[in-house]
Amino acid sequence: KMPMEVDLPSIVASSGKKSLLSCDTQLPLSSVVTVERIRAAAETLAVLPEIDIIREYVARCRAMTEFSISDELSSRMEEAFVHARKENGEVNTDSLHRWLTLSRLLATTYGETTCTMERWQQMQALENRRQE
């Protein structure tokens, strides 16, 4: 056998609070969302005439490999991280890594190769909503 790195995006769905598989991020779904509704939405998306455009958009976002963060924004991110660690003992280096990754992914969805303060703040707002 030969080991091979694989980039396989996946979603783990669990009916309980814990999953047998480890996950970097958990996003609780409201009880209004059912498996049937998710399946119906997926079936609807699969036949949309725009699906090829959406697939191309996602492929282009994934292909964007160059990304940068200015020194000024990097300093602000560091300050925000230090402040968050003081306020919340659960914030750790994994949290910072997640924030940086989410900021990069968010900026990429806008076709940007540089993180801006606007994207950083947008990511923080999304992360705060996720934790509520």
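Among contacts between residues at least 6 apart in sequence, what share joins residues at least 24 apart in the protein chain? The figure is 58%. Keep that in mind while walking through this predicted model.

Start with the fold elements. The protein chain holds five helices and two strands. Read from the N terminus, their order is α-α-β-α-α-β-α. The radius of gyration is 18 Å, well over the 14 Å from the globule rule for 132 residues, so the chain is more spread out than a compact globule. Along the principal axes, the C-alpha atoms fill a box of roughly 45 × 40 × 35 Å.

Next, the surface. Of the 132 residues, 15% are buried. The accessible surface of the protein chain comes to about 11,300 Å². Carbon and sulfur atoms account for 55% of that surface.

Then the charges. There are 16 positive and 20 negative side chains in the protein chain. The centres of these two sets lie 6 Å apart.

Now zoom in on a strand. Strand E1 covers residues 68-69, and Ser68 belongs to it. Is Ser68 buried, exposed or partly exposed? Its relative accessibility is 37%, so Ser68 counts as partly exposed; the class runs between the 20% limit for buried and the 50% limit for exposed.

Which residues does Ser68 contact, once neighbours within four places in sequence are set aside? They are Thr113, Thr114 and Cys115. Met4 gives another reference point for Ser68. The two residues are 64 apart along the chain, and their C-alpha atoms are separated by 28 Å.

Move on to a helix. Helix H4 spans residues 93-109 and includes Thr108. Thr108 has a relative accessible area of 6%. Buried means under 20%, so Thr108 falls in that class. Leaving out residues up to four places away in sequence, Thr108 touches Cys61 and Met64.

Ser68 has contacts with Thr113, Thr114 and Cys115; Thr108 has contacts with Cys61 and Met64.

How values were computed: Residues are numbered from 1 along each chain as its sequence is written. This is a predicted model: local features need pLDDT of at least 70, side-chain atom pairs count only at pLDDT 80 or more; totals for chains, interfaces and linings use all residues. Side-chain values use heavy atoms; hydrogens and water are left out. Helices (H or I, at least four residues) and strands (E, at least two) are DSSP runs, numbered from the N terminus. The radius of gyration is taken over C-alpha atoms; the globule rule is 2.2 Å times the number of residues to the power 0.38. Buried means under 20% relative accessible area, exposed over 50%, partly exposed in between (1.4 Å probe, protein chains only). Contact means heavy atoms within 4.5 Å. Accessible areas come from the Shrake-Rupley method with a 1.4 Å probe; for residues, only the protein chains shown count as cover. Lys and Arg count as positive and Asp and Glu as negative; His and the chain ends are not counted. The place of a charge is taken as NZ of Lys, CZ of Arg, CG of Asp or CD of Glu.
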